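Subject: Structure for your review

Hello,

Please find the structure below. My notes on it come after, grouped by topic.

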Amino acid sequence: MAQISRYQVILMLVWTALGTGIVTMPGTIAHFTVHDAWLACPWILLGGGLCAGVAWIHIRRFPGQTLTQALHLTLGPWIGTCAGVWYAAWIFVSLATIGREVTAFITTAVLPNTPEFVVGLLAIACAGYLVYLGIEVIGRVNQFIMPLAVVVAPLLFGLALRWFDADTFRPVLADGWMPVWRAGIVPAFAYGLEFALSLQWVRALRTPRTLPWDILIAAAVSAFILTLLVALTVGVIGASATYLNYPVLEVVRSVRQGKFIERLDTLYVMGVVTTLVLKLSSFHVSLCQALQDLCRTRDWRWAVFPSALAVWSASFFFFRNLAEVTDFILHVVPAYFLFTVVLLPLVTYAVAAIRGKDGLERRMGPARQGMR
Amino acid sequence: MDGVLASILAVIAALFDWSRLAPEGVAAKGTWGTLIGLGVLCAFATAYQWWPSIHPLAPLTALFERPTLWLYGSG
């Protein structure tokens, strides 16, 4: 199997969090606080820390096994399969949510007259093609995007600094810590817990033992970038961030130098769409590997096309509009993610610890033969 | 519209020749997986058309809305 390096894993994780994080997180944070919005972003480290802890236990107890394999091995063929289906359903629902966010963003920002079904089909087809080519290709595309992002993003946001007003942040913590905690729930338990997706990539990692550290590095990088971005957004557009679906887009639209440099939002949309497709492909490859483990097949490419079709359809079926997506992320996702990617694996590892090493190794023998 | 879309997808999937993409032995699973998955989706979509108050994600909302409110400190 093709393998991915630590650098590629970190980039994949960073874009997994930032792909939709850049687009929607400033808006969701501004629902709760504007003055102290920048303080809510570092909470993503809490989610990253939880995922790193889960990964640390996983790598030591189930070396070379994905989470769905660990569920099957520990909880047995019936409960383990049910838990695996629940986990695959979590990836599926997340994919549908991301897919709907992608189509809503593209149709709102650049293609208002194009049917959403067509935009969704194109985005999911791009991600599906990347997945079909393999996880190493996804890693390399992440690497390719990085230098472009490093050059273009500071340029775009640097040009917006002339409208920056530091008074927007004062007084600091005027309403106490409660609004900051509430604003930090989505970064911590929705975006931060997405790092747990990497447990499905374990078979493809060149150095699996460093995965917990890679998750922590990715969480730190994401927290830093998001804090800068949210501070810039609030500093430039102020309290109106509360009422906008895409406040960062408005920040970029505000860039105007003389009569020659304006409407740079095209560059921003191009970059964001690329990272969104990368996020879709990271989730999609994890779904395909979960389906491979559940169906015990040697390959996972058979799952790419059917799951892409299902995700495309489900993204419109689950969410009629962006308001439903935002409501789902704000009111369901935090506890749903916490249960699925933290509590479920921890219970599994506890059961594995109670059963002991001998019982697991007896199961691992035939299971490995069937799953590889 | 959702029901129509899901039905069209199910037909496309059924007509798709899996042997071109999938290695031997996996093709049947791919076809059955697609048909079952899209069949379930189609059933959901049709139910959704007839009873729009029943949202496909309603079970998740029922399970996790209160714990999420508790996380916000207002449960």
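Confidence. This is a predicted model. For the complex, the predictor reports an ipTM of 0.87 and a pTM of 0.89. Chain B has an average pLDDT of 68, and 43% of its residues score at least 70. Within chain B, helix α1 (residues 2–15) has the lowest confidence, with a mean of 54, while helix α3 (residues 58–72) has the highest, at 93. The pLDDT is below 50 over residues 17–23 of chain B, although this stretch makes 11 contacts in the model beyond near neighbours in sequence. Where pLDDT is low, predicted coordinates should not be read in detail.

Overall form of chain A. The chain contains 13 helices and two strands. Its C-alpha trace spans about 70 × 45 × 35 Å along the principal axes. A compact globule of 372 residues would have a radius of gyration near 21 Å, and chain A agrees with that because its own value is 21 Å. Buried residues account for 55% of the 372 residues in chain A. Of the contacts in chain A between residues at least 6 apart in sequence, 83% join residues at least 24 apart.

Core. The largest nonpolar core has 137 residues, and those touching the most other members are Ile44(A), Cys51(A), Leu193(A), Phe195(A), Ile215(A) and Leu280(A). Helix α4 (residues 67–109) of chain A supplies the largest share of this core, 19 residues. Beyond four places in sequence, the contacts of Leu193(A) include Gly47(A), Leu50(A) and Cys51(A), and also Phe337(A), Leu338(A), Val341(A) and Val342(A).

Helix α5 of chain A. This helix runs over residues 116–133, and its 18 residues should span 26 Å at 1.5 Å a residue; the end C-alpha atoms are 26 Å apart, so the two agree. Which residues of α5(A) are buried? They are Gly120(A), Ala123(A), Ile124(A), Ala127(A), Gly128(A), Leu130(A) and Val131(A). These residues cover an arc of only 160° around the axis, and therefore lie on the same side of α5(A). An α-helix has 3.6 residues a turn, so residues three or four places apart point the same way. The buried residues of α5(A) pack against α4, α6, α10 (265–295) and α11 (304–318) of chain A. Just after α5(A) comes Gly134(A), with a positive phi of about 120°.

Trp38(A). This residue is part of helix α2 (residues 37–40) of chain A. Is Trp38(A) buried or exposed? Trp38(A) counts as buried because 24 other C-beta atoms lie within 10 Å, and the cut-off for buried is 20 or more. Leaving out residues up to four places away in sequence, Trp38(A) touches Thr227(A), Val230(A), Ala231(A) and Val234(A). From Trp38(A) to Arg256(A) the separation is 218 residues in sequence and 25 Å in space, C-alpha to C-alpha.

Leu173(A) is exposed, with 12 other C-beta atoms within 10 Å.

Regards

Definitions and conventions
Residues numbered from 1 in each chain as written. Chains lettered and ligands numbered in written order. Predicted model: local features only at pLDDT ≥ 70, side-chain atom pairs only at ≥ 80, totals over all residues. Core = buried A, V, L, I, M, F, W, Y, C linked by C-beta atoms within 7 Å. Helix = DSSP H or I, 4+ residues; strand = E, 2+ residues; numbered from the N terminus. Contact = placed C-beta atoms within 7 Å. Rg over C-alpha atoms; globule rule 2.2 N^0.38 Å. Expected span 1.5 Å × (residues − 1). Arc of directions from axis to C-beta. pLDDT = per-residue confidence, 0-100.
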